[in-house]
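User: Hi! I'd like to walk through this model with you, starting with the ligand site. Could you set out the terms as we go?
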Amino acid sequence: MNTLPMVQVSDVHKHYGDFHVLNGINLALNAGEVMCVVGPSGSGKSTMLRFINHLEKIDAGTIHVDGELVGYRERNGNLHEMKDKDVCRQRADVGMVFQKFNLFAHMTALENIMEAPMQVRGRKRADVRSEALELLERVGLGNKAGNYPGQLSGGQQQRVAIARALAMRPKVMLFDEPTSALDPELVGEVLDVMRELAASGMTMAVITHEMAFAKEVGNSLVFMDGGAVIESGNPRDVLNNPQHPRTQAFLSKVL
Ligand code: ADP
Ligand code: MG
């Protein structure tokens, strides 16, 4: 049995100029579990997720995904930056879904999903196509394969974005406020897809303000403020009975 967490963040620091955006973050996300991350705007939540997918570089500390150091090779006790091809390989194992879907506007839903498995994984078109169609079915969009993003609602676009990330067969999925840009009546359909994904055993980190989802689906909840983890634990415990005054103040505003 693999006892290492799927994602391990250890004493991570980040500065933007003089601004200490992350101040010694420690997190562990176990395989098959869902971690929800909540906290005020500007607390460093997105920055923290972006490291895991090589969208930002950390100043100090380490991140491991599936036991492998992210972004660096250890040699003779020193850390050396990874070659681009290793960065690509690691990034391909981590799916990411953003607030603003970021679909390719000039490609159909099906083409959006097929692009990376063919270009990055170098898989055969026919295989990728049939898997992409299955993924569209799975997110409830089996009849929208030929639609362009502009012909889809926000909720449908986000479900395509989730299918697109899944097409890479990632080890872990990162969601950065996946429902924050949606009209309220479209939030549920995206959360339903995420709930199903969690039930299928996917390892997920989810930045969200959807506290009911965090309670129901999350195995752990992390509250961040000012670039630090202030409190973490079972989502029900943290949300029903927050221990830290900053968590209490935040939750009193959003719940
Ligand atoms: P959150 O997702 O919790 O709202 P972010 O991780 O996006 O927070 O940002 C944390 C802080 O870092 C914010 O104050 C933001 O303005 C700042 N920040 C984020 N990215 C950059 C950047 N590339 N350069 C300078 N400051 C940044
Ligand atoms: Mg953010």
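Analyst: Happy to! A polar contact is a pair of N or O atoms within 3.5 Å; within protein, one must be able to donate a hydrogen and the other to accept it, and residues adjacent in sequence count only if both atoms are side-chain atoms. This is a predicted model, where local features need pLDDT of at least 70 and side-chain atom pairs count only at pLDDT 80 or more, while totals for chains, interfaces and linings use all residues. Residues are numbered from 1 along each chain as its sequence is written, chains are lettered from A and ligands numbered from 1 in the order in which they are written, and side-chain values use heavy atoms, with hydrogens and water left out.

User: Great. How far is the polar side-chain atom of Lys45 from an oxygen atom of ligand 1?
Analyst: That distance is 2.8 Å. For Thr47, a polar side-chain atom lies 2.5 Å from an oxygen atom of ligand 1, and Gly44 brings a backbone N or O atom to 3.0 Å from one.

User: And how much of ligand 1 does the protein bury?
Analyst: The protein buries 59% of the 560 Å² that ligand 1 exposes when taken alone. Those areas come from the Shrake-Rupley method with a 1.4 Å probe; for residues, only the protein chains shown count as cover.

User: Which residues are around ligand 1?
Analyst: They are Tyr16, Phe19, Val21, Pro40, Ser41, Gly42, Ser43, Gly44, Lys45, Ser46 and Thr47. Being near takes a heavy atom within 4 Å. By class, the shell has 4 nonpolar, 6 polar and 1 charged residues. Here Ala, Val, Leu, Ile, Met, Phe, Trp, Tyr, Cys and Pro count as nonpolar, Asp, Glu, Lys and Arg as charged, and the others, Gly among them, as polar.

User: Which element gives the largest share of that shell?
Analyst: That's α1, with 3 residues. Helices (H or I, at least four residues) and strands (E, at least two) are DSSP runs, numbered from the N terminus.

User: Switching topic: what does the side chain of His13 make a polar contact with?
Analyst: With the side chain of His20, at 2.9 Å. His13 is in strand β1, residues 7-16. Not counting residues up to four places away in sequence, His13 also touches Ile58, Asp59 and Ala60, among others; contact means heavy atoms within 4.5 Å.

User: Now α9. Which of its residues are buried?
Analyst: Thr247, Phe250 and Leu251 are the buried ones in this helix, which spans 245-254. Seen down the axis, they fall within an arc of 95 degrees, so they line one face of α9. The arc is that of the directions from the helix axis to the C-beta atoms. Buried means under 20% relative accessible area, exposed over 50%, and partly exposed in between (1.4 Å probe, protein chains only).

User: What sits on the other face of α9?
Analyst: The face turned away from the buried side carries the exposed residues Pro245, Ser252 and Lys253. The buried residues of α9 pack against β3, α7, β11, β12 and α8.

User: Is Gln158 buried or exposed?
Analyst: Buried, at 0% relative accessibility. Gln158 is in helix α5, and its C-alpha atom is 6.9 Å from that of Val190, 32 residues apart along the chain.

User: Last one: what's the phi of Asn76?
Analyst: It's near 50 degrees, a positive value in a residue other than glycine. Most residues other than glycine have a negative phi. Asn76 is in the loop between β6 and β7, and is exposed, with a relative accessible area of 76%. Asn102 also has a positive phi, about 55 degrees; at 42% relative accessibility, Asn102 counts as partly exposed.
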